[in-house]
Amino acid sequence: MAENKSTAMTLDDIVFENRNKAYGAYDLRKVYRPTLTKSVLIGGAIFVLAMLSPALISLIPKEEEEQFMQEIDLMKMPPPPIDPNEPPPPPPPPIEVPKVATIKFLPPEVKKDEEVPEETPPPVVEELEKAVVADKTQEGDENAQEAIVAPEETAPVKEEVKVVEAAPVEEQIFQVVEQNPEFPGGMAALGQYLGKNLKYPAAASRANVSGRVFLTFVVNTDGSIQDIQVLKGLGFGCDEEAQRVVKGMPKWKPGKQSGRNVRVKYNLPISFVLE
């Protein structure tokens with residue numbers, strides 16, 4: 001009997017043997033596995049239902065949608081029938097267009113003497129200012145905007161066409177390019193040129209002035225230099241001497257953008273140092 005009793009006991013019975021089973025933990029351990037199994041089954045059923053909901057919704061017949069479309073079609077009602085006994089509405093009053101005053105003035109034609117009618121003098125300038133030239137004369141409103149088309153026999157007036165030459169478009173000046181302009185021989189040759197041609201101004205030497213003069217100029221597509229300006233000077237003749245030396249430079253190697261020569265603005269500092 002002892003052996004049968006020991007085999008019938010569960011793990012919960014062994015753990016809570018000789019303990020207070022009415023505390024609550026014993027009941028929780030007994031219902032844990034059934035509760036877990038139910039939760040897994042319910043959760044799995046909800047997941048499967050959520051996955052199959054689009055297919056289930058597509059199987060629902062679309063009776064409501066068809067009924068809604070039919071209601072929209074019924075809203076397009078035909079217009080009410082016209083009563084034949086009802087008199088038609090009166091027509092709108094005619095719009096009176098003011099007549100344009102015209103003066104008869106036909107172009108000259110070559111005819112035989114017997115076919116030539118009596119000569120009619122041409123209209124004067126004062127009459128042409130108040131009327132339009134046409135094939136007949138009629139009275140009208142001077143302020144009327146209606147245009148009168150001349151007859152086909154009227155000779156066309158040849159207008160002199162003036163050819164206006166377009167102003168030359170100045171090439172764009174670039175600040176940054178793919179290939180910068182370069183002094184012939186490079187920066188070393190530029191330093192040699194400045195050292196050979198730059199003369200220290202006497203006024204700057206007497207005032208013991210030294211420093212840098214910052215110049216800016218444009219290197220054209222042919223390498224020539226123009227528009228020399230002083231960005232930051234020293235005075236005492238240094239600015240003028242720097243401009244003179246740059247103005248006498250040989251042609252530079254022009255800058256390039258997309259494989260073609262372009263105009264580039266170049267900044268150059270020139271140092272004045274007392275020995």
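Let me begin with Thr137, which counts as exposed because its relative accessibility is 56%, where exposed means over 50% relative accessible area, buried means under 20%, and partly exposed lies in between, all with a 1.4 Å probe and protein chains only. Please keep in mind that this is a predicted model, in which local features need pLDDT of at least 70 and side-chain atom pairs count only at pLDDT 80 or more, while totals for chains, interfaces and linings use all residues. Residues are numbered from 1 along each chain as its sequence is written, and side-chain values use heavy atoms, with hydrogens and water left out.

Thr137 itself sits in the loop between strand S2 (132-134) and strand S3 (173-174); helices and strands here are DSSP runs, numbered from the N terminus, with helices being H or I of at least four residues and strands being E of at least two. Its C-alpha is 7.6 Å from that of Ala101, and the two residues are 36 apart in sequence.

Let me turn to the surface, where Phe47, Val48, Leu49, Met51, Leu52, Leu56 and Leu59 form a nonpolar patch with about 750 Å² of accessible area together. Such patches are made of residues with over 30% relative accessible area and no salt bridge, nonpolar side chains (Val, Leu, Ile, Met, Phe, Trp, Tyr) being joined within 5 Å and like charges within 9 Å, and the areas come from the Shrake-Rupley method with a 1.4 Å probe, for which, in the case of residues, only the protein chains shown count as cover.

Next come two helices, and in general two packed helices are described by the angle between their axes and the distance between the axes. The axes of helix H6 (residues 187-197) and helix H8 (residues 238-247) come within 11 Å and cross at roughly 125°, where axes are lines fitted to C-alpha atoms, for helices over the stretch in contact, and angles run from 0 to 180 degrees between N-to-C directions. H6 and H8 are therefore oblique to each other, since angles under 35 degrees count as roughly parallel, over 145 as roughly antiparallel, 65 to 115 as roughly perpendicular, and the rest as oblique. H6 passes H8 in a right-handed crossing, a term used if the near helix is turned clockwise from the far one by less than a right angle, and left-handed if anticlockwise.

Staying with helix H8, I would point to Ala242, which lies in that helix and is buried, with a relative accessible area of 0%. The C-alpha atoms of Ala242 and Pro269 are separated by 9.2 Å, although the residues are 27 apart along the chain.

How many salt bridges does the structure hold? There are two, a salt bridge being a side-chain nitrogen of Lys or Arg within 4 Å of a carboxyl oxygen of Asp or Glu. In one of them, Glu241 pairs with Arg244, the closest N and O atoms being 2.5 Å apart; both residues lie in helix H8, three residues apart, or about one turn of the helix. Glu241 counts as buried at 12% relative accessibility, whereas Arg244 counts as partly exposed at 42%.

A salt bridge also joins the side chains of Lys251 and Asp222, at 4.0 Å from N to O. This pair links distant parts of the chain, with Lys251 in the loop between H8 and strand S6 (255-257), and Asp222, 29 residues apart from it, in the loop between strand S4 (211-219) and S5. Lys251 is exposed at 52% relative accessible area, while Asp222 is partly exposed at 44%.

Now to the backbone: most residues other than glycine have a negative phi. Asp227, in strand S5 (residues 225-232), has a positive phi of about 55° although it is not a glycine, and Asp227 is partly exposed, at 40% relative accessible area. Phe236, in the loop between S5 and H8, likewise has a positive phi of about 55° without being a glycine, and Phe236 is partly exposed at 46%.

I will end with Val264 in strand S7 (residues 260-272), a residue that counts as buried at 1% relative accessibility. Val264 and Val177 are 87 residues apart in sequence, yet 7.6 Å apart in space, C-alpha to C-alpha.
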